Each structure stands twice: as C-alpha cells, then as structure tokens.
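Hi,

Here is the structure I said I would pass on to you. Have a look at it first, and then read my notes below.

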Amino acid sequence: MSTAQIYELPVIAQGMGTGLPSLQNTEISANVVDSIGNTPMIRLSRYLDLPNIDLIAKLEASNPGGSAKDRPARRMIEEGLKDGSINAKTTIIESSSGNMGIGLAQICRYHGLRFICVVDPNAQAQNVAIIRALGAEVRLVTEPLNGDFLAARLALVKELLDGIEDSFWPNQYSNLNNPLAHEFGTIREIDDTLGGAFDYLFVATSSTGTARGCRDYLAKRGRHTAVVAVDAAGSILFNGNAGPRKISGMGAGTLPDLARDQHFDDVVRVSDIRCVAGCRRAAAREALLVGGSGGGVLEAVRQMQSELVGKTVAVILHDSGVRYLETVFNDAWVEKELGCSAGDLHTMANSRF
Ligand SMILES: Cc1ncc(COP(=O)(O)O)c(C=O)c1O
C-alpha cells in the first residue's frame, strides 16, 4: 500500500500578508451569465515558421459554456426578453447540436426558460449530453428530408413552433443580435486590448455572425485592420463549391441570411485535414488545445505568413480541442474520415508551409 504524501501549508494568521504579490483580475462575476466575455488573449510565438509576426489569439473557449457562441446566445435571448418577444413562459426552440445549442441551453436555464434543442444522428454525443445536463429537452430527427438532415431538423423546428403556443426561434443564421454580440463584445475587447494597433484579424465563418460583427465595429472605429474570413473547403459561403466537410463549426452548406452580400478583405479556404494539422501543431508547439475551426484559422495565417512579416495579427479561436477528442484528436477517426495516416498528419503539422 502506498502512503499518500501530505503537504503542509503554512498557517497564515488572519490579517497577515502572505508575502505574495496581490492578484490582478480576480473580480467576482455576479453569476455565470455575467462571466461571459472578457476572455483571455495570448501571444503565440511558436506556431508560425517565420519570425517577426506578432500573432495574438483570443481564447473564446474561456467562456463558461466553452465557446464564442455564449455571446450571441445570451444576446438573442436577453434582447428577446427586453423587447417582449420572449417572456417567462416562452419555449425557446432551436436546431443545433454544437456550441450554439450549449450556449442557448446555458442562457435558457439561467433565465428559467424551457428550451427544446433539435438534433440529428450526426450530433456529437458529448455535446448532446452537455445540452441535456443544462436542462434542455432534446428532440432527435431520425430520418433525413429529401436526403438532408438540416432540412429535416428545420422542418421539426417549424412543426414545434406551430404546435407550441408562445414559442420563439432565435435562428442564429438570420438574427442580427448574433453579429451585434460580437460587435459589442468580442472585437471591442480585442481592439481595446491592442489599442487598435493590429493589421489583420482572422475569423472562422459559418453563420458569419462573428466576422460581420468584427468587421462592422472596426469600420465604425475607422480602423485599417484587414478582416480575413476563414472558410472551409466544401463550404458554399463566398461563392464556394459545395463538397464534403467533416469539421463542425466552420463553413455552411446552405447560404445563411446573415451571409448574403457580405464582403471581407480576404477569404481563405482551409481543407479539413489542414484544420486537423493546425490543431495538432497548436497542441505540440503552444501547448494549446484548440477546436477544429481554430486549427483552420491558425493554418490560414501560416498559409499567408510571407505577407504578414512585421505585422500584428489577431485570431479568434472559437472553442477548445476538448470538444474534439473523438474526432480531430483521434488518429483512427482522422484516418477513417479524412484518409490521412497518423504519420502523414505528423509530417503535415510539423513541416514548413
Ligand atoms: C467552433 C466554431 N468556430 C467557428 C464558428 C463560426 O462562427 P459564426 O457562426 O459566427 O460565423 C462556429 C459557429 O458555429 C463554431 O461553432
């Protein structure tokens, strides 16, 4: 039997100093919702191949629900409560098995609202478990509609909205409170921290809420920062060609209302395997676990790095790799779904661009 070691802590008499410097940023939020935002920013000095590029990442995984989606989820619900389209008896209905589902489950639970989340069999079991743990009801669509699970999920959302009196569909793909949450939050925090002194902002896109909100704020502030939209290969956003996509959170198969007629300074497309390589590289070089879209954003920067020497580049990393342990960080999944062996992936993640 091994004996557990006991470490004695010095007893500090009340009122006596510890001799340690006082801690900064130890404010107590009033509640979980109030702790959304003000996420940390860190410098990534080991990720790129070329020197003299100041790469700074905003870690949205530090939101209490684990992603950037906490912000629009909060704003869509709280603005609805303010303008009366949501009241204490309203049922919130949304189709999402990812970060938005989790963000909505969190904000709805906090405000005591009933939330029904519509998912399909492709939903990651872990995400559905989190949504359930936060008290949401989950409705599973089992059959695709005309071969399409998204169409089937939206059909069930409509059926539920029609059948439940006093129900509300946040619809992140057309709700302007989605980009506004980032305009008033994410990008303001980045801009304030950097004093407006950054040349590029790289943002992953799906609804385009994050990228739109950031671009609009920077334009209103008269900043000259170039906003680069990072999209998935196989996404139809920005006139892309539809194709298979395996990384959740990035890209779109149908054009969201929010994405119509939206233009950014540049669009970079990243393949699924490049996203995975980016995640593996960030873990290996920076000891940072990022989600699939974050890996894609970092690889988009690396792809453009020869143009970025001498520049300050900010990136938004939407969530953590913890949500992708069974996919992006699982060699067997990568081999099966993306046809890339562990050896080839290692080479890709470690070689120069
Ligand atoms: C992990 C992740 N990255 C990026 C995005 C893209 O954000 P947006 O919908 O604001 O374009 C999402 C959106 O769902 C996401 O979940």
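Start with helix α1 (residues 70–83) and α5: their axes come within 8 Å and cross at roughly 115°. The crossing of α1 past α5 is right-handed. On the α1 side, the residues involved are R71, P72, R74, R75, M76 and E79, and they meet N177, N178, L180, A181, H182, G185 and T186 in α5. Sorted by class, this contact between α1 and α5 has 4 nonpolar, 5 polar and 4 charged residues. Before you read on, keep in mind that this is a predicted model.

The chain is divided in two: domain 1 takes 38–64 + 176–350, and domain 2 takes 70–168. Their C-alpha centres lie 25 Å apart. Where the two touch, domain 1 puts in 15 residues and domain 2 puts in 11 residues. Which helix gives the most to the side of domain 1 that touches domain 2? It's α5 (residues 177–194), with 7 residues. By class, the residues on that side of domain 1 come out as 3 nonpolar, 11 polar and 1 charged.

Now for the sheets. One of them is an open sheet of 4 strands in the order β5-β4-β3-β6, with parallel pairing. β5 (137–140) and β6 (167–168) are at its edges with a single partner strand each, so one side of each has no neighbour in the sheet. Further in, β3 (residues 91–95) pairs with β4 (residues 114–119) in the parallel sense, over 5 bridges. If you want a place to look, find S95: its bridge partner in β4 is V118.

There is also an open sheet of 6 strands, ordered β1-β2-β10-β7-β8-β9, and here the pairing is mixed. The edges are held by β1 and β9 (266–270); each has a single partner strand, so one side of each is left without a neighbour in the sheet. On average, neighbouring strands in this sheet are turned by 25° against each other, direction ignored. β8 (residues 226–232) and β9 pair in the parallel sense over 5 bridges, and A232 has V270 as its bridge partner in β9. Helix α6 (residues 209–220) packs on this sheet and touches β7 (200–204), β8 and β10 (312–317). The direction of α6 makes about 175° with that of β8.

Take a closer look at β7 while you are there. It runs parallel to β8, and 5 bridges join the two; in that pairing V203 stands opposite A229. Is β7 mostly covered or uncovered? It is mostly covered, with 5 of its 5 residues buried. Both faces of β7 are covered, with Y200, F202 and A204 buried on one side and L201 and V203 buried on the other.

Why does L298 count as buried? Because it has 31 C-beta neighbours inside 10 Å, and 20 or more is the cut-off for buried. Leaving out residues up to four places away in sequence, L298 touches Y47, G278, A282 and V315.

Last, two residues with backbone angles to check. Most residues other than glycine have a negative phi. N52 is not a glycine, yet it has a positive phi of about 65°. You'll find N52 in the loop between β1 (41–43) and β2 (54–59). A287 is not a glycine either, and its phi is positive at about 55°; A287 sits in the loop between α7 (272–286) and α8. Are these two buried or exposed? N52 has 9 other C-beta atoms within 10 Å, so it is exposed. A287 has 8 other C-beta atoms within 10 Å, so it is exposed as well.

Best wishes

Terms used:
Residues numbered from 1 in each chain as written. Predicted model: local features only at pLDDT ≥ 70, side-chain atom pairs only at ≥ 80, totals over all residues. Pairing = 2+ DSSP bridges. Domains from an automatic or database assignment. Contact = placed C-beta atoms within 7 Å. Nonpolar A, V, L, I, M, F, W, Y, C, P; charged D, E, K, R; others polar. Buried ≥ 20, exposed ≤ 12 C-beta atoms within 10 Å, placed from the backbone. Axes fitted to C-alpha atoms, helices over the stretch in contact; angles between N-to-C directions. Left-handed = near helix turned anticlockwise from the far one by under 90°.
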